[in-house]
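This report is intended for a reader meeting the structure for the first time.

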Amino acid sequence: MAPDVVLLHGFTHTGASWGPVVAALGKSYRALAPDIRGHGSASDRRPVTVEAVLDDLAALAPARFTLAGYSMGGRLALHAALALPDRVERLVLIGASHALADQAERSTIEEFAGRWARTPVLAGQPPDVAAAVDADRRRNQPAGLAGALRGLGTGALPSLWDRLPEIARPVALVVGERDQKFRAIASEMAAGLRRADVVVVPGAGHAVHLEAPDAVARTISGD
């Protein structure tokens, strides 16, 4: 039987953003990519808190699984690894995120999607990747994104830096070659984790799972 992997998307994305990685995994994994509260089909779910998201994950995830997360999803994956240590077998973490809650709530989704796409950390995405990401962002609602930022943004979640040594499972920290800022963050995190590897994907930027899904699928598979 194929092992299970749960994929947690980033802020402004939905579970559909993992489609290329799921396709690359093929039949080697059974993949589950839910919409996190405040996003997509879960835009109206409240409260949007890390506790609620972890409850959702505990209810829908298999008994044991590999957990992968991008940006906001990566931070949530760290929390899940600490909350569900007997169920999360391995972590694959891609990048981190930041916050614009007030702007989100005052904007249409088109306005907000355009502004977010122009943030420096997302610069240089190939046109086809940028177009797919924009389409995915438009599945969201401004009020849902604002709630997600307030409840799940970097300023809302407690720091886990001091708890990184508690994570006994192996962790792969995936970063793009062009993403200098988060390559430095990944190196710092690796030093605090017990079993961590930094995987630098050549030519990729911040959203490695979108720019190089085959490389992320290989990392998930442990190849």
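## Pairing around strand E3

On the way from E3 to E4 the chain passes through helix H3 (residues 72-83), and the three elements form a right-handed β-α-β unit.

E3 also pairs with strand E1 (residues 4-8), again in the parallel sense, here through four bridges. Within this pairing, Leu-67 of E3 has Val-6 opposite.

How many of the residues of strand E3 are buried? Six of the six, residues 65-70, are buried, and the strand is therefore largely enclosed by the rest of the structure.

## The nonpolar cores

The largest nonpolar core holds 39 residues, of which Leu-67, Leu-76, Leu-91 and Ile-167 touch the most other members. At least two residues of this core come from each of E1, helix H2 (50-60), E3, H3, E4, helix H7 (142-152), strand E5 (171-176) and helix H8 (180-192). H3 makes the largest contribution, with seven residues.

Apart from neighbours within four places in sequence, Leu-91 is in contact with Leu-67, Ala-77, Leu-78, Ala-81, Ile-167, Pro-170, Val-171 and Ala-172. A second core, separate and made of 24 residues, has Val-5, Trp-18, Ala-204 and Ala-217 among its members.

## Strands E5 and E6

Strand E5 is joined to strand E6 (residues 196-201) by six bridges, and the two run parallel. One of the pairs across them is Leu-173 with its bridge partner Val-198 in E6. Together with H8, strands E5 and E6 form a right-handed β-α-β unit.

## Helix H10

Which residues of helix H10 (residues 213-221) are buried? They are Pro-213, Ala-215, Val-216, Ala-217, Thr-219 and Ile-220. After H10 comes Gly-222, which has a positive phi, near 80 degrees.

## The chain as a whole

The chain has 223 residues, and 52% of them are buried. Its secondary structure consists of 10 helices and six strands. When contacts between residues at least 6 apart in sequence are considered, 77% join residues at least 24 apart. The accessible surface amounts to about 9,800 Å², and carbon and sulfur atoms account for 52% of that area.

## Confidence in the prediction

The mean pLDDT of the chain is 86, and 86% of the residues score at least 70. Where pLDDT is low, predicted coordinates should not be read in detail.

Methods: Residues numbered from 1 in each chain as written. Predicted model: local features only at pLDDT ≥ 70, side-chain atom pairs only at ≥ 80, totals over all residues. Heavy atoms only, no water. Buried < 20%, exposed > 50% of the residue type's maximum accessible area, 1.4 Å probe, protein only. Pairing = 2+ DSSP bridges. Right-handed = clockwise from strand over helix to strand, strands pointing away. Core = buried A, V, L, I, M, F, W, Y, C linked by side-chain atoms within 4.5 Å. Contact = heavy atoms within 4.5 Å. Areas by Shrake-Rupley, 256 points an atom, 1.4 Å probe, with all protein chains shown as cover. pLDDT = per-residue confidence, 0-100.
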